[in-house]
Amino acid sequence: MFQSDAPVKNPVFSFYPSLCGPLRAVVSIPHSGEDVPEVFKPHLTDDTRAMQEDVDTKVNELVDIPALQAAGIGVLVAHIHRVCVDINRDEDNCILCWKENTKGLRLVVKDPSRDEARSFLERYHRPYFEVLGSLILELERTLSGKVPVVDLHSMPSAPTAYHRKQNPNQKTHRANFCLSDQRGKTAEPEFINAFVEDLRGREYEVAVNDPYVGGYVTTFVDRYRTNNIQIEINRRLYMDEFSRELVPAKVQALKPQLTACLIKNLTKN
């Protein structure tokens, strides 16, 4: 499966396959997409800034994808904007589900019809999971142990009113990284702890299942024989959260560290 050296691209995602023989692990990046297909535009605000508030801005640029490929790690990157179709939500709640952004600004101005929602689901949500599931099945056939998977995201540096409503007890200060495994459900302790200790050894502050515990991707992947975790990167590590622009010096400092951590801990077996 996916033997080509070139990334496999379509309107929904790009998949970057292993370049060193059989696939060894998978990294999923579902929320960095910024594509808004024409069919969605009648349903959405024209406030571009409001639309960008909760995108995991350029997370796909925070890892060295060719280096991951060279280590046998496949990378799956969604293109669709999460306001159109939220890949990290289940099929019943993923189509134009962000009626407002986390700052309370209106995003969806017109709900889709039942036929439109079904079409959007078939075209933009299901293909991501069909490919992700196929990759994991391939790995189950070739690996003797559990299949290693990381779902990569970014998070605001501080909780908004929306986040406090979801979890009133969360801390105002957020660590550099939040690693989550559905509170111990989706990964063996040794798997998640290896990432925690590695990142702390690189002098990053790490929280576990706080303030996030994982999303639909981690739940979906847990159907298989996997060790899978979600990693949230604090946006203050790499971008200006007001302008939504990357800070090159910060990216240059973060990218090799995060890439090395993924390679080390996804290819141990």
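Select Asn 228 and Thr 218. A polar atom of the Asn 228 side chain lies 3.4 Å from the backbone oxygen of Thr 218. Keep in mind that this is a predicted model. Asn 228 sits in strand β8, residues 226-234. Is Asn 228 buried or exposed? Its relative accessibility is 1%, so Asn 228 counts as buried; the cut-off for buried is under 20%.

Now show what surrounds Asn 228. Leaving out residues up to four places away in sequence, Asn 228 touches Val 149, Asp 181, Thr 186, Ala 187, Phe 191, Thr 218, Val 221 and Asp 222. Thr 218, the partner from the polar pair, is on that list.

Next, pick Leu 199. Look for it in helix α5, which covers residues 189-201. Leu 199 also counts as buried, because its relative accessibility is 1%. Which residues is Leu 199 in contact with, leaving aside neighbours within four places in sequence? They are Phe 177, Leu 179, Tyr 204, Val 206 and Cys 261. Draw a distance from Leu 199 to Phe 177, C-alpha to C-alpha.

Move to helix α3, residues 114-142. Helix α3 has 29 residues. From first C-alpha to last, α3 reaches 41 Å, close to the 42 Å expected at 1.5 Å a residue. Where does α3 bend? Centre on Arg 126: the bend there is about 40°. Pro 127 follows within four residues.

The model has 9 aromatic pairs. Take Phe 40 and Tyr 124: their ring centres are 5.5 Å apart and their planes meet at 65°, so this pair is edge-to-face. An angle over 60 degrees is what puts a pair in that class. Phe 40 and Tyr 124 are both buried.

Select Tyr 128, Phe 129, Tyr 216, Phe 220 and Tyr 224; together they form one aromatic cluster.

For the last stop, select Arg 89 and Trp 98. What lies over the face of Trp 98? Arg 89 does, at 4.8 Å from the ring centre.

Note on methods
Residues numbered from 1 in each chain as written. Predicted model: local features only at pLDDT ≥ 70, side-chain atom pairs only at ≥ 80, totals over all residues. Heavy atoms only, no water. Phe/Tyr/Trp six-rings, centres within 6.5 Å; stacked < 30°, edge-to-face > 60°. Helix = DSSP H or I, 4+ residues; strand = E, 2+ residues; numbered from the N terminus. Buried < 20%, exposed > 50% of the residue type's maximum accessible area, 1.4 Å probe, protein only. Lys NZ or Arg CZ within 6 Å of the ring centre and 35° of its normal. Expected span 1.5 Å × (residues − 1). Bend = angle between axes of the 7 residues up to and from the residue. Contact = heavy atoms within 4.5 Å. Polar contact = N/O pair within 3.5 Å; in protein donor to acceptor, adjacent residues only side chain to side chain.
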